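Biologist: I am new to this structure and would like to go through it step by step. Could you show it first?
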Amino acid sequence: MAAAPARNIGNWWFAAVLIAALALWFAGKGTVPWAFDYPKAWMIPAMQWVGGFSKWLVDQAHFGLFTFKELTRFLAGLVDFPYRIVLSLLATGFLEGQGSAAVQIVPPLPWWAVTIIAALFGHWAGGRKLALFTTACFLFLAAFRQWDSAMVTLASILVAAPLGTIGGILLGVACYRWPLFQRLIAPVLDLMQTMPVFAYLVPVLVLFGFGPTAAIVATLIFAMPPMIRVTLLGLKGVPGEIHDLAAMVGCTQAQTMWRVLVPAARQSLMVGVNQVIMLSLNMVIIASMIGAGGLGFDVLTALRRLDFGAGIEAGFAIVVLALVLDRLSQAAADKLGAPQASTEGRSFVQRHPHGVAAAAVAVMAILLAYMAPVLQAYPQALSVSTGAFFSDVVAWINVNYFDALEGFKNFILLNILVPAKRLLFTVPWIGAVAVLAALGFKLGGWRLAVLAGTLVFLIAATGQWEKAMITVYLCGTAVVLATLIGVPVGVLAADRERLWRGVQAVIDTLQTLPSFVYLMPVVMLFRVGDFTALIAIVAFAVVPAIRYTVLGLQKVDPSLIEAGRAMGATPWQILSRIRLRLALPDILLGMNQTIMFALSMLVITALVGTRDLGQEVYIALTKADIGRGIVAGLAVAFIAIVSDRLIAGAAARQKAGLGLA
Amino acid sequence: MSDVLLSCRKVWKVFGPQPLPPTRELEGLGTEELTARGLVAAVRDASLDVREGEIFVIMGLSGSGKSTLVRCLSRLIEPSGGEILFRGEDLLTADTRRMIEIRRKHMGMVFQNFALLPHLTVLENVAFPLDIQGMERKARAARAQQMVELVGLKGKESFYPRQLSGGQQQRVGIARSLAVEPDLWFLDEPFSALDPLIRREMQDEFLRLQGSLKKTIVFITHDFDEAIRLADRIAVMKDGVIEQAASPEEIILRPATPYVAKFTENVPRAKVIRVEKIMVKPKAKSYAARVPVRSNLAEAAKALKPGVAVVGVVDASGAFVGEIRREALTAQIMAG
């Protein structure tokens with residue numbers, strides 16, 4: 001057993017460092033003040049560096065043939081052109097002239113034409129049921145007067161998703177072809193997945209200005225990494241025999257890639273497309289902060305005005321759009337991934353009935369618009385507004401249950417949140433660096449120790465310590481609560497088939513919703529503040545806790561449970577001694593995901609007035625201050641990376657100990 | 001003796017820390033000595049000749065290096081040392097473009113798990129190698145259609161691979177590998193993933209095809225029965241070394257090593273020796289009982305039903321090329 005002594009050394013180190021750190025903590029601020037408040041003189045001026053660099057980039061950077069500014073203008077044009085076309089088609093119509101003097105030369109597609117075309121797409125991809133569902137969703141958007149905003153949002157997605165997919169595939173292929181490129185890009189992808197979404201917005205805002213183009217660029221950056229990963233995984237999953245086949249029939253390198261490997265990986269690529277669409281929707285909503293417009297903007301303004309009725313309506317519209325996009329893209333993925341019936345020897349119309357019908361509807365709609373403009377808009381008489389109703393409901397709840405809600409809120413605040421916050425504020429940064437480094441050493445050797453120590457130190461050294469502690473306190477409390485709720489729910493659902501199906505339907509839906517939507521109901525009931533943020537985070541982060549618990553429990557080898565029963569173990573013993581024990585690595589991984597979800601939501605809750613790193617990024621965004629935004633964003637990413645690596649290390653050790661690895 | 005189409009000389013495939021020593025230095029070393037130098041040899045000093053028109057079977061259990069060897073022969077894997085001569089041209093010195101050309105024009109391969117492209121129909125899969133070469137659409141469709149019919153899949157042209165049974169999928173694989181009319185046909189455990197009954201059927205089908213095509217074949221299998229059933233010559237591999245390369249009869253009757261002998265000890269002579277070895281010139285014009293020239297003595301014995309004294313031997317075209325009398329057959333079988 002060569003590993004045992006090494007592990008013991010890790011344990012000893014950890015215990016020693018922990019005791020030293022605790023001693024420092026109790027000794028208090030009076031003895032060594034610099035260990036508690038990071039001294040100003042040692043501060044790393046990262047904000048200025050980043051700010052200066054971005055200034056240089058915008059003002060002076062020159063790549064020989066063109067300047068950086070010209071590059072961003074070119075990219076913006078690349079995105080802007082298709083966006084204008086799609087937006088004109090769906091929302092504004094094609095205009096002649098500028099500003100208020102603009103004259104509409106071709107009207108946009110009316111609501112009924114878009115609905116029919118979407119339904120036709122649904123029918124093609126998933127049959128009559130999906131067609132009906134699609135129709136219902138689009139009618140909902142029209143009837144609740146969300147049509148125009150929804151079309152603006154949809155236009156952004158219709159541009160961002162295909163570009164993100166193509167870009168992701170190209171980069172994924174490049175990663176596959178050139179391992180060096182993959183090694184260069186892998187850390188960037190890691191960082192991008194842990195960076196809070198707001199942090200992307202700051203540099204994009206500075207480089208591309210305020211408006212839909214910048215929003216789409218931010219969406220692209222956000223949605224592309226998963227596609228790159230999926231492409232790379234898909235290509236790596238192609239069986240060796242298929243590679244041999246390509247070589248044996250004499251494929252050139254390009255033929256091997258585009259004629260054999262990429263088509264053979266098609267099914268996994270389609271999974272990626274669905275992800276790109278859902279992430280695009282999420283980001284387009286958030287990017288309303290830098291001018292995306294559409295439904296996200298409606299929610300944002302409603303939040304700012306505390307107009308709950310309007311906010312809830314727009315929120316529902318986002319939910320509906322998310323549901324319909326998810327179903328449509330999944331069905332289309334299945335359809336395209338599966339073989340199609342042979343269409344040889346039939347006419348064009350017979351081969352493409354849906355496409356032809358959709359084109360016919362579009363042409364007819366445009367022609368009708370000239371002849372009978374009345375049909376253009378959804379009839380006012382048939383529209384419904386629930387805004388006032390929801391405002392009334394909220395008012396009613398607040399009138400009648402104010403005390404109960406307030407009592408609950410204060411109880412949690414006073415007994416959990418405030419003490420936790422106080423406690424964390426007194427932690428000396430140097431102690432945290434040492435303990436986390438020692439924990440890293442114990443769980444994953446010196447590499448992990450250096451990584452954890454360095455990242456935590458950098459948070460302190462860039463002056464983010466206090467805000468980071470608020471982040472940790474909010475996130476930590478939320479994760480504990482989410483775990484306390486999620487694991488029992490998972491245990492209950494794991495062996496009750498019907499309950500699990502119900503729970504699964506709920507959490508699948510929750511996962512497709514853009515994170516923005518979570519804020520609406522909580523703000524209405526609890527107004528702004530840490531508690532509101534906490535509830536929204538828990539609601540968002542409980543999903544992986546449930547999912548991984550169920551998966552872990554269901555994965556336990558049934559013969560072990562049988563063996564337990566044969567030994568006369570009670571159901572409780574089987575659960576606690578066998579099933580939970582073996583599912584522990586999976587539950588830990590679920591907790592890891594819970595933390596990631598919590599951090600990504602935490603940043604969004606800056607909108608409801610938290611004082612953490614997320615708020616810092618949000619402020620940077622409103623001031624277009626790249627340095628401030630990036631540094632705070634990186635601090636969040638560092639917290640995510642440290643917790644991710646530590647928990648992954650713990651899960652791996654658990655797994656190895658159980659012989660499951 | 002016919003001409004040698006493919007021959008490999010002292011081929012090695014060694015894994016270990018780079019840079020690997022020149023394989024000349026490794027000749028004669030055993031597994032322990034290689035391990036001591038931190039090396040693992042998947043193929044060790046392999047030399048063999050595949051003659052024009054024969055079925056050459058490489059037989060070995062899993063981990064014996066047979067798959068690695070066949071991939072070295074087609075240069076799907078880069079050998080660590082040695083020579084691979086295809087019509088006298090050393091493949092290991094050919095550049096990428098030349099290799100592509102050789103594979104496009106002269107080689108075909110059938111894979112254990114079929115390696116069909118899931119997004120293409122049966123016909124498109126078969127036409128794929130032709131498409132890659134840039135053959136014009138109509139011509140390649142016609143050629144692919146011919147191949148599909150050759151393997152008995154007429155009517156399934158527009159099916160997708162996943163809609164076919166395992167046996168049918170492998171027929172597609174066979175049709176695809178034959179579409180370019182290769183001179184050298186590699187089959188890498190083509191029937192191992194199939195049920196035993198289907199496997200038997202596919203072996204018969206394979207022999208029927210070969211009867212008319214007369215390709216030069218390198219056939220990989222882990223199944224000794226399959227090897228002696230199909231092979232003109234067999235190479236038995238163990239731990240990367242070719243233990244013996246000879247005709248099935250030779251292998252059964254005179255196994256070169258104890259390892260080979262273990263495979264052969266339970267194989268009855270009657271199942272190995274082919275009728276062509278003991279038949280004599282046909283004396284009659286026609287015979288009521290007949291067996292194909294490639295069948296073995298056991299099959300001939302089955303044809304000699306009670307009351308039949310002599311069986312005729314027919315070649316692929318159906319002409320009588322010999323006869324066997326009951327006494328001769330009994331004597332041969334009893335001798336084993």
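Modeller: A residue is buried if 20 or more other C-beta atoms lie within 10 Å of its own, exposed if 12 or fewer, and partly exposed in between, with C-beta atoms placed from the backbone. This is a predicted model, in which local features need pLDDT of at least 70, side-chain atom pairs count only at pLDDT 80 or more, and totals for chains, interfaces and linings use all residues. Residues are numbered from 1 along each chain as its sequence is written, while chains are lettered from A and ligands numbered from 1 in the order in which they are written.

Biologist: Where is the place of A:Arg145 in chain A?
Modeller: A:Arg145 lies in the loop between α4 (111-143) and α5 (147-177) of chain A. Helices (H or I, at least four residues) and strands (E, at least two) are DSSP runs, numbered from the N terminus.

Biologist: And what is the phi of A:Arg145?
Modeller: The phi of A:Arg145 is near 60 degrees, a positive value in a residue other than glycine. Most residues other than glycine have a negative phi.

Biologist: Which residue of chain B has a positive phi although it is not a glycine?
Modeller: B:Asp45 has a positive phi of about 50 degrees. B:Asp45 is part of strand β2 of chain B, and it counts as partly exposed because it has 19 C-beta neighbours inside 10 Å.

Biologist: What is the strand order in the open sheet of chain B?
Modeller: The order is β2-β1-β4-β5, four strands with antiparallel pairing. β2 (40-51) and β5 (89-90) of chain B stand at the edges with a single partner strand each, so one side of each has no neighbour in the sheet. Two strands pair if DSSP finds at least two bridges between them.

Biologist: How many bridges join β4 to β5 there?
Modeller: Two bridges join strand β4 (residues 81-86) of chain B to β5(B), and the two strands run antiparallel. In one pairing, B:Phe86 has B:Glu89 of β5(B) as its bridge partner.

Biologist: Turning to helices, what span should α7 of chain A have?
Modeller: Helix α7 of chain A (residues 197-208) has 12 residues and should span 16 Å at 1.5 Å a residue, which agrees with its end C-alpha atoms being 16 Å apart. The expected span is 1.5 Å times one less than the number of residues.

Biologist: Is that helix mostly covered or mostly open?
Modeller: α7(A) is mostly covered, with 11 of its 12 residues buried. Among the buried residues are A:Phe198, A:Tyr200 and A:Phe208. A:Gly209 follows α7(A) and has a positive phi, near 80 degrees.

Biologist: How is chain A divided into domains?
Modeller: The domain assignment gives domain 1 (21-52 + 403-658) and domain 2 (108-232 + 266-338 + 347-378) of chain A. Such bounds come from an automatic or database domain assignment. The C-alpha centres of these two domains of chain A are 30 Å apart.

Biologist: How many residues of these domains of chain A are in contact?
Modeller: In chain A, 28 residues of domain 1 are in contact with 30 residues of domain 2. Two residues are in contact if their C-beta atoms, placed from the backbone, lie within 7 Å. On the domain 1 side, the largest share, eight residues, comes from α25(A). By class, that side has 22 nonpolar, six polar and no charged residues. Ala, Val, Leu, Ile, Met, Phe, Trp, Tyr, Cys and Pro count as nonpolar, Asp, Glu, Lys and Arg as charged, and the others, Gly among them, as polar.

Biologist: What does the domain assignment of chain B give?
Modeller: For chain B, the assignment gives domain 1 (4-269) and domain 2 (271-335). Their C-alpha centres lie 32 Å apart, and the contact takes 10 residues from domain 1 and seven residues from domain 2.

Biologist: How many residues does each chain give to the contact between chain A and chain B?
Modeller: Chain B gives 21 residues and chain A gives 20 residues. On the chain B side, α3 (96-106), β6 (107-110) and α4 (122-132) give two or more residues.

Biologist: Finally, what are the ipTM and pTM scores?
Modeller: The model scores ipTM 0.83 and pTM 0.80.
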